[in-house]
Amino acid sequence: PRYQGHSHSRSGVREICIMDITTLISALLKTTAVVPFAKSLSKALYEKIDMLMLPSKEAEALLIEQFKNSDDPLPLKTVKIKHAKKLLKEWENQYDIYKIAQDELDTQPKQDHSEDVDAEWLSRFMDSSKHVCSDDVKLIWGKLLAEECTHPNSVPTRLINILSIMDRKLSLAFSTLCSLCLYDSRGNITPIIRSEDPFFRQLGLSFEMLSELDSIGLINFKGGEEFRLFVSNPSITKFEHTYIYNSTAYRLESETRDIVVTEVLMTDAGSALYRIIPKNYNVTFESMLPELLKNYSFTKIDHLSSK
């Protein structure tokens with residue numbers, strides 16, 4: 001991988017470490033055990049951003065052995081090894097995320113369009129992913145990479161920045177919010193959220209938490225003001241739409257061309273993240289839907305397969 005853009009107090013050490021990693025990659029390519037382009041994503045990463053995805057265990061052993069056998073003074077060897085371990089840990093994080101994405105793509109090879117992913121998007125994603133250490137967060141990043149490879153240009157670059165600053169509290173709140181969303185057959189997502197309702201506050205979706213999710217760019221929240229959803233076709237005089245929750249379809253109808261049902265809408269970044277995280281449907285919320293939407297006709301119409 002390229003490790004450009006990092007500042008270190010000893011620039012000489014930085015240059016040596018980069019040179020050694022480059023030498024290491026060349027050595028690994030000469031071994032018969034390495035097949036760097038067996039997968040489309042690894043090929044795309046190498047061709048677009050010069051990043052070679054290899055497991056770091058062998059790389060670390062070879063690199064440290066190279067340092068040990070060098071003629072450098074012991075203090076310099078120690079500094080090199082310490083710095084190399086840091087770089088290799090970042091490399092390992094990137095490889096783990098790449099592997100999650102590749103495994104996901106292997107389940108649907110005909111939908112794999114890794115070659116069409118934008119080089120700048122890949123560069124930003126991989127540069128940010130090296131700081132991801134926990135397994136559960138790596139899973140989200142890996143699924144997001146697979147989503148972009150399956151549907152190029154579907155994951156906004158801004159979402160990469162958002163994930164980089166999200167803490168566990170915000171991640172949990174957004175995951176909870178995703179469990180309270182209606183969706184339709186075209187993939188449109190409509191959260192049903194009332195910030196002052198005790199039910200939503202008990203789930204952790206307080207006014208303050210929704211404001212935080214708004215500030216980082218995952219949702220639009222106007223501080224308690226409800227959004228108006230409407231049909232754009234002027235020839236249609238009544239709002240009628242089929243929504244799905246937990247594989248069950250519901251018909252929502254209004255006597256007017258619009259409805260007011262929520263204080264929250266997803267941004268493009270929020271919608272992209274919604275698509276890849278697991279959904280834990282809330283049966284209490286589902287039982288509350290008729291009351292939450294009592295101003296309109298809301299009727300269960302069928303049971304659909306999981307989406």
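**View 1. Cys 181 is buried, with a relative accessible area of 0%, in this predicted model.** Cys 181 takes part in no disulfide. The cysteine sulfur nearest to that of Cys 181 belongs to Cys 178, at a distance of 5.4 Å; a disulfide would require the two sulfur atoms to lie within 2.5 Å. Cys 149 likewise counts as buried, its relative accessibility being 1%. By the 2.5 Å rule, the count of disulfides comes to zero.

**View 2. Helices α2 and α5 pack at an angle of about 105 degrees.** Helix α2 spans residues 40-49 and helix α5 residues 119-129, and their axes are 10 Å apart. Because an angle of 65 to 115 degrees counts as roughly perpendicular, α2 is described as roughly perpendicular to α5. On the α2 side, the contact is made by Ala 44, Leu 45, Lys 48 and Ile 49; α5 contributes Ala 119, Leu 122, Ser 123 and Met 126. By residue class, the contact of α2 with α5 comprises six nonpolar residues, one polar residue and one charged residue.

**View 3. Helix α12 (residues 283-292) has buried residues on one side and exposed residues on the other.** The buried residues of α12 are Phe 285, Glu 286, Met 288, Leu 289 and Leu 292. These residues cover an arc of only 165 degrees around the axis, and therefore lie on the same side of α12. Val 283, Ser 287 and Glu 291 are exposed on the other side of α12.

Note on methods:
Residues numbered from 1 in each chain as written. Predicted model: local features only at pLDDT ≥ 70, side-chain atom pairs only at ≥ 80, totals over all residues. Heavy atoms only, no water. Buried < 20%, exposed > 50% of the residue type's maximum accessible area, 1.4 Å probe, protein only. Axes fitted to C-alpha atoms, helices over the stretch in contact; angles between N-to-C directions. Helix = DSSP H or I, 4+ residues; strand = E, 2+ residues; numbered from the N terminus. Parallel < 35°, antiparallel > 145°, perpendicular 65-115°, else oblique. Contact = heavy atoms within 4.5 Å. Nonpolar A, V, L, I, M, F, W, Y, C, P; charged D, E, K, R; others polar. Arc of directions from axis to C-beta.
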